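Here is a short tour of one model, written for someone who likes to know the cut-offs behind each word. Please keep the structure open beside you as you read.

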Amino acid sequence: MLTLNSVRIHSLKMFRRWSVRIAAVALLPVATSAQTTAVNDSTKINKEVGICGGVFLKIVELPEIAAKPSQGVFSIDESFENFNLGQQIPVYYAIREWEALIDSSGFNRSNFPITFRFGPLDPNGVLAVTVPTADGNGNLLSAEITFDNDGSTNWFIDNSPEDDSEFLSGDLPQGVGLLSVTRHEIGHALGWNTSERVTVHLSGNTFDQSLLNIATTTEGGLHTDPNVHVDDIMVPAIGTGVRRSISLYPSVAMMSQSFHYWISHLRCVANTNNASQTGSVYQPWSRVQVGVMDTPARSLLIIGPGTYNERVQSMRPAGDWLEIIAPRDATAVIIGQ
Ligand SMILES: [Ca+2]
Ligand SMILES: [Ca+2]
Ligand SMILES: [Zn+2]
């Protein structure tokens with residue numbers, strides 16, 4: 001769910017990013033508290049479970065699947081209700097972005113059905129609501145996304161979604177951007193919800209404290225905490241005249257860890273991993289050197305907290321930049337050169 005923010009949030013970013021080859025990084029601590037709702041109660045099978053403020057998860061029973069494929073090309077199988085062709089333009093753009101980002105589907109269906117519709121939503125200020133369905137293990141099956149059309153929401157329908165120039169001038173669009181809201185709601189459809197696959201990684205409001213350390217909130221459903229991850233695509237509110245893009249960290253990283261999506265431009269190193277190592281968030285490499293050598297150009301490499309006592313050499317060509325971050329509040333120290 002996304003709600004309208006009348007004032008755009010301005011505050012200091014609580015994590016730092018570097019566009020560097022090698023870096024030792026330290027980030028600021030943030031206190032966390034409160035609990036999230038676990039949806040793992042078998043008495044709730046086939047019922048919609050209210051998660052928070054308008055986001056619902058429906059746990060459904062499925063026949064046993066003998067061998068579930070762990071990988072497969074990912075595509076969104078879209079359908080529209082009450083959408084004219086002009087309104088579909090930014091929605092298709094967001095669909096193609098998510099499809100390009102997710103190289104394989106992990107636990108979720110390879111062809112993921114999402115219905116996009118316009119319909120009345122209450123109370124005023126609620127811009128859109130996503131209702132995902134999942135099996136009893138929290139693996140997602142499909143989703144329905146409703147965008148408000150009762151007259152209380154003024155939408156900005158961008159027919160040039162590839163071009164953000166409207167948001168760079170002093171004369172900002174007066175409406176709420178359908179593109180940014182769609183990017184956000186597809187995020188809910190593909191993982192940002194309180195299914196069991198997510199809640200198993202939560203400690204209080206912190207997702208995967210030992211690796212990703214993402215601050216979340218259950219305001220209006222599961223979201224990134226806007227006080228920590230400012231302007232992230234999955235914060236719970238957006239103002240008019242604001243465009244947000246899909247963030248590899250924290251938002252896509254959380255989904256990748258929970259649902260084992262393979263994201264080619266998001267790689268991870270954690271020296272605590274002694275099991276399979278593919279460089280994905282859920283199977284990180286244990287050595288920084290491997291990450292530096294094998295992460296594709298113009299990508300993000302997350303270094304899990306810890307001390308990495310290894311010689312690290314970069315032989316990346318000029319211009320082949322690699323963005324390296326340590327998760328919020330963690331320190332990665334790389335020793336030796
Ligand atoms: Ca409304
Ligand atoms: Ca545009
Ligand atoms: Zn939301």
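This is a predicted model: local features need pLDDT of at least 70, side-chain atom pairs count only at pLDDT 80 or more; totals for chains, interfaces and linings use all residues.

## Helix α4, an enclosed element

Let us begin with the residues of α4 that are buried: Leu-248, Tyr-249, Pro-250, Ser-251, Val-252, Ala-253, Met-254, Met-255, Ser-256, Gln-257, Ser-258 and Phe-259. A residue is called buried if 20 or more other C-beta atoms lie within 10 Å of its own, exposed if 12 or fewer do, and partly exposed in between, with C-beta atoms placed from the backbone. Twelve of the twelve residues of this helix (248-259) are buried, so α4 is largely enclosed by the rest of the structure. Helices (H or I, at least four residues) and strands (E, at least two) are DSSP runs, numbered from the N terminus.

Two backbone details go with this helix. Pro-250 is found in α4, and a cis peptide bond, with omega about 5°, joins Tyr-249 to Pro-250. Just after α4, His-260 takes a positive phi of about 60°.

Residues are numbered from 1 along each chain as its sequence is written, and chains are lettered from A and ligands numbered from 1 in the order in which they are written.

The predictor's confidence in each residue, pLDDT, runs from 0 to 100. Its mean over the chain is 81, and 80% of the residues reach 70 or more. Over residues 6-42, however, the pLDDT is below 50, and this stretch has 80 contacts in the model beyond near neighbours in sequence. Residues 44-57 also stay under 50, and the model has 49 contacts for them beyond four places in sequence. Two residues are in contact if their C-beta atoms, placed from the backbone, lie within 7 Å.

## The nonpolar core

Which residues touch the most other members of the largest nonpolar core? They are Ile-114, Ala-128, Val-181, Ala-253, Ile-302 and Ile-303, in a core of 76 residues. The largest share of this core, seven residues, comes from α4. A nonpolar core here is a set of buried Ala, Val, Leu, Ile, Met, Phe, Trp, Tyr and Cys residues joined through C-beta atoms within 7 Å.

Not counting residues up to four places away in sequence, Ala-253 touches Leu-212, Leu-248, Leu-266, Val-281 and Ile-302.

## Strands β6 and β7

Strand β6 (residues 75-81) runs parallel to strand β7 (residues 111-119), and the two pair over seven bridges. Strands count as paired if DSSP finds at least two bridges between them. The chain crosses from β6 to β7 through helix α1 (residues 85-101), and this β-α-β crossover is left-handed. A right-handed crossover would be one where, with the strands pointing away from the viewer, the path from the first strand over the helix to the second runs clockwise. The bridge partner of Glu-81 is Arg-117 in β7.

Phe-116 also lies in β7, and counts as buried because 27 other C-beta atoms lie within 10 Å. Leaving aside neighbours within four places in sequence, Phe-116 is in contact with Glu-78, Phe-80, Phe-83, Val-91 and Ile-145. The C-alpha atoms of Phe-116 and Ile-145 are separated by 5.0 Å, although the two residues are 29 apart along the chain.

## A four-stranded open sheet

Four strands form an open sheet in the order β12-β13-β14-β15, with antiparallel pairing. At the edges stand β12 (202-203) and β15 (223-224), each with a single partner strand, so one side of each is left without a neighbour in the sheet. β12 pairs with β13 (residues 206-207) over two bridges, and Ser-203 stands opposite Thr-206.

## Loops worth a click

Is Asn-213 buried or exposed? Asn-213 is buried, since 24 other C-beta atoms lie within 10 Å. This residue is in the loop between β13 and β14 (214-217), with a positive phi near 50°. Arg-298, in the loop between α5 (288-294) and β18 (299-303), has a positive phi of about 55° and counts as exposed, with 12 C-beta neighbours inside 10 Å.
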